[in-house]
Amino acid sequence: MSALLDDLNPEQRAAVTTTEGPLLVIAGAGSGKTRVIAHRIAYLLDQGLARPEQILAVTFTNKAAFEMKNRVHQLLPPSRRRGELLVSTFHSFCVRVLRRHLDRLGGSYTRDFTIYDTDDQGRLIKACLKELQIDEKQFPPRMIQYAISRAKNQGETPETMAPAFDPRGEVFLKAFRLYEARLAAANALDFDDLLLLTVRLLRRFPDVAEAYQDRFRYILIDEYQDTNPPQFNLVRLLTQRHQNLCVVGDPDQAIYGFRAADIRNILDFERHYPQAKTIVLTQNYRSTKIILRAANAVIRHNRARWEKQLTTHNPVGEPIRCFVAPNAETEAEWVIEELIRWQRQRAHLPETETCAAILYRTNAQSRLFEEACRRRGIPYVLVGGFSFYQRAEIKDALAYLRLLLNPHDDAAFERIVNVPARGIGKSTLESIAAWAVREGLSRWAAMEQAIAEGVLNPRATAALAGFAGLIRELQAQLESSSLADLVSAVITRSGYLEMLIREGTLEAENRRQNLEELVTAAAEADDRRASLREFLDQAALVSDTDDLVDNAPVTLMTVHSAKGLEFPLVFVVGLEEGLFPHVRVMDDSEELEEERRLFYVAITRAKQQLYLTQAQRRRVYGEERLTDPSQFLEEIPEDTVQLLAPSGSATAEPSSTKKLPRNQIVSDQFRLGDRVEHATYGTGQVVRVADGKLDIAFPGKGIKRFVAAAAPLTKLPRK
DNA sequence: CCTGACCGGATTTTT
DNA sequence: TCCGGTCAGG
């Protein structure tokens with residue numbers, strides 16, 4: 001058993017073995033946090049302090065949960081591996097609880113509820129606005145959606161919200177109220193509801209709460225800095241009895257404020273749990289000294305902060321390499337070239353030593369890098385953006401399946417009632433919608449009535465009856481068929497497959513293959529003996545990083561998705577004012593600090609080599625714009641950085657031209673690659689000499705063009 | 001009812 | 001640039 005603790009440092013060992021009472025582990029980037037959690041669970045089991053089913057561990061993604069389970073498994077002797085260890089995300093855990101007990105809450109909710117994803121939510125909100133005749137121009141659905149989610153996460157309901165003084169608030173409340181009513185009517189829960197209703201359930205039914213409190217003797221929460229109020233409440237409820245709560249996180253990596261995550265949950269932990277012990281893990285095992293020094297320097301610019309300095313015994317490493325590209329296309333090309341070069345040099349090393357990540361602020365940036373990879377024949381893995389379960393054809397197929405289980409799922413109904421086209425048009429659907437609203441029915445029920453009473457024109461009635469028949473026919477198969485057969489039946493009998501085949505385009509063929517893939521996924525679920533319900537739940541709660549491939553040579557993703565991951569080689573791209581930091585946060589100092597934490601997360605993903613790039617021109621809204629270097633670049637210490645000259649013919653355009661008084665031509669005194677010192681811009685590197693002009697790149701300040709120079713420009717000795 | 005052409009507006013990050 | 005919504009014609 002002591003082998004469990006052997007290769008842990010004293011801080012880590014303390015975090016693993018302090019098993020009684022609340023424990024706060026502040027774990028700096030790369031401090032072996034995941035390892036500590038896995039070892040702690042293994043330790044609890046190994047010491048006989050708990051049986052597997054008495055432990056609940058919460059991770060941020062399903063993938064992390066899966067890996068955590070595996071790690072624990074490997075740490076344990078075979079004799080200790082029995083029993084079910086529950087490692088899941090907050091959302092999956094809540095679904096589990098609600099599928100058991102939601103009936104108790106009463107109202108229209110039952111345990112057969114449907115989960116509405118962001119997409120379904122958006123459609124529903126649009127429908128609500130339309131029904132209330134609210135102008136979408138004045139009240140953009142996205143904003144309403146955001147505001148509703150925000151309100152719900154703050155624990156507000158339409159009833160508890162302050163009576164609206166201004167008409168805008170009144171309009172919002174009306175939309176909020178209707179949205180909640182429609183959700184309830186469809187027996188649907190949105191992502192926020194999963195947490196909220198679980199909390200409500202446990203509060204209202206002490207016997208249920210006590211059952212869970214008794215069961216979980218030990219609770220561990222990862223990424224605690226990113227928990228939101230309902231998650232906090234849930235943790236409080238679950239830990240009331242044993243208080244053996246261990247939360248692990250890093251306030252410097254709190255990046256989910258927009259999702260109502262509250263960094264105070266971790267900062268005030270010792271106040272929430274007065275008995276708490278605190279352990280800080282400050283030794284970094286991941287990055288080189290240079291990378292860590294840059295990261296420390298960056299994060300120190302945040303004012304609201306729990307001060308800690310990470311150290312490492314790792315080698316000094318290579319300087320951080322900065323590159324300023326003339327435009328976004330060149331940026332992407334250059335990154336891929338550099339990546340190929342880097343990996344070629346290390347071709348003799350195992351994949352784990354050479355895999356790379358390209359990290360960007362927004363998903364939209366991925367396209368150029370994908371194209372560059374494809375041009376050079378580099379296979380890549382793209383995370384997020386358009387993951388498998390978000391593809392239209394997959395969501396369509398899933399909507400059919402959802403409707404089989406819950407015909408009152410209006411979002412599913414609307415999605416596929418006329419996909420493929422079966423003669424159920426806009427006006428017909430509007431009549432159904434109006435009927436449903438008037439009678440307080442779901443779309444499905446309204447449709448059945450409309451068919452029975454023959455109120456619609458014969459053609460429409462026949463088309464609807466055909467659709468209703470199709471769904472019933474498929475429903476009849478629910479009991480008897482395997483999931484794989486059921487999915488196949490859905491895509492063939494609905495005519496979906498035929499539609500794609502008839503289309504005959506390359507894209508349609510692609511979509512057909514995706515559907516085939518779904519059948520495969522269903523077959524795998526059959527192997528696990530999953531029910532249709534479980535299959536759908538899992539599909540609704542997949543996270544972007546779940547389809548991450550270990551040790552892929554190149555992975556493209558947002559910085560958010562990269563949280564918790566590490567790569568030998570990392571490119572952080574698009575370091576421009578307005579992009580990273582994003583325009584939307586620049587005028588709010590708190591949000592800017594969150595953005596800086598995001599940048600901190602980005603650079604601390606790198607183990608060996610870090611690249612930072614900026615494009616001087618970038619298309620925004622299809623219009624080319626000049627960019628300024630990100631303010632974050634200036635926060636990187638100069639002596640950790642090496643500036644790189646653009647290779648080949650690609651030459652950067654300077655962002656400004658500096659004219660100095662005395663017309664002393666400078667170009668013949670300097671050569672490409674010279675290091676220079678300038679009075680105002682600091683140390684730079686000559687990246688271009690031509691026509692008596694000199695382009696000099698200054699880290700964090702972009703490229704400046706010098707026509708002539710006075711004394712302040714001095715040449716430094718080459719290193 | 002369906003299709004295709006046209007126009008206007010949007011872009012942060014995610015369970 | 002791209003997406004979604006609107007409108008006219010088949």
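These are legends for close-up views of a predicted model.

Residues are numbered from 1 along each chain as its sequence is written, chains are lettered from A and ligands numbered from 1 in the order in which they are written, and side-chain values use heavy atoms, with hydrogens and water left out.

**View 1. The six-stranded sheet.**
Six parallel strands make an open sheet here, in the order β3-β2-β6-β7-β1-β8. Strands are DSSP runs of E, at least two residues, and helices are runs of H or I, at least four residues, both numbered from the N terminus; two strands pair if DSSP finds at least two bridges between them. The edges belong to β3 (86–89) and β8 (277–281), each with a single partner strand, so one side of each has no neighbour in the sheet. From one strand to the next the twist averages 15°, where angles run from 0 to 180 degrees between N-to-C directions and axes are lines fitted to C-alpha atoms, for helices over the stretch in contact. Zoom in on β2 and β3 and you'll find four bridges joining these parallel strands, with Ala 57 partnered by Val 87 of β3. Helix α5 packs on the sheet, touching β2, β3 and β6, and its direction makes about 110° with that of β3; contact here means heavy atoms within 4.5 Å.

**View 2. The second largest cavity.**
A cavity is a set of points on a 1 Å grid over the protein atoms alone where a 1.4 Å probe fits but cannot get out, and lining residues have an atom within 4 Å of a point. Look for Leu 56, Val 58, Phe 90, Phe 93, Ile 219, Ile 221, Leu 234, Val 235, Leu 238 and Thr 239 in the lining. At least two lining residues come from each of β2 (55–59), α5 (90–101), β6 (218–221) and α11 (229–239), and α11 gives the largest share, four residues. The lining has nine nonpolar residues, one polar and no charged. For that tally, Ala, Val, Leu, Ile, Met, Phe, Trp, Tyr, Cys and Pro count as nonpolar, Asp, Glu, Lys and Arg as charged, and the others, Gly among them, as polar.

**View 3. The seven-stranded sheet.**
Here seven strands pair in the parallel sense to form an open sheet, in the order β13-β14-β12-β15-β16-β11-β19. At the edges are β13 (381–382) and β19 (641–644), each with a single partner strand, so one side of each is left without a neighbour in the sheet. Four bridges link β12 (residues 356–360) and β15 (residues 567–572) in parallel, and Ala 357 has Val 570 of β15 as its bridge partner. Helix α14 (residues 289–299) packs on this sheet against β11 (320–325) and β16 (606–615), at about 55° to the direction of β16. Helix α16 (residues 366–375) packs on the sheet too, touching β12, β13 and β14 (554–558), at about 170° to the direction of β14.

**View 4. Helices α22 and α24.**
The axes of α22 (residues 483–493) and α24 (residues 506–527) come within 7 Å and cross at roughly 155°. The two helices are therefore roughly antiparallel, the label for angles over 145 degrees. On the α22 side the contact includes Leu 483, Val 487 and Ile 491, and on the α24 side Leu 515, Leu 518 and Val 519 are among the partners. The contact residues divide into ten nonpolar, one polar and one charged.

**View 5. Helices α17 and α21.**
Helix α17 (residues 392–405) packs on α21 (residues 458–476) at about 75°, with the axes 9 Å apart. That makes the pair roughly perpendicular, a label covering 65 to 115 degrees. Tyr 400, Leu 403 and Leu 404 of α17 meet Phe 467, Leu 470, Ile 471, Leu 474 and Gln 475 of α21.

Most residues other than glycine have a negative phi, and most peptide bonds are trans. The Val 419 to Pro 420 bond is cis, with omega near 0°, and Pro 420 sits in the loop between α18 (410–416) and α19 (426–439). Phe 580 to Pro 581 is also a cis bond, with omega near 10°. Gln 133 isn't a glycine, yet has a positive phi of about 55°.

Note on methods. This is a predicted model: local features need pLDDT of at least 70, side-chain atom pairs count only at pLDDT 80 or more; totals for chains, interfaces and linings use all residues. On a 1 Å grid over the protein atoms alone, a cavity is a set of points where a 1.4 Å probe fits but cannot get out, and a pocket is an open set with protein on both sides within 12 Å along at least five of seven lines; lining residues have an atom within 4 Å of a point. Angles under 35 degrees count as roughly parallel, over 145 as roughly antiparallel, 65 to 115 as roughly perpendicular and the rest as oblique.
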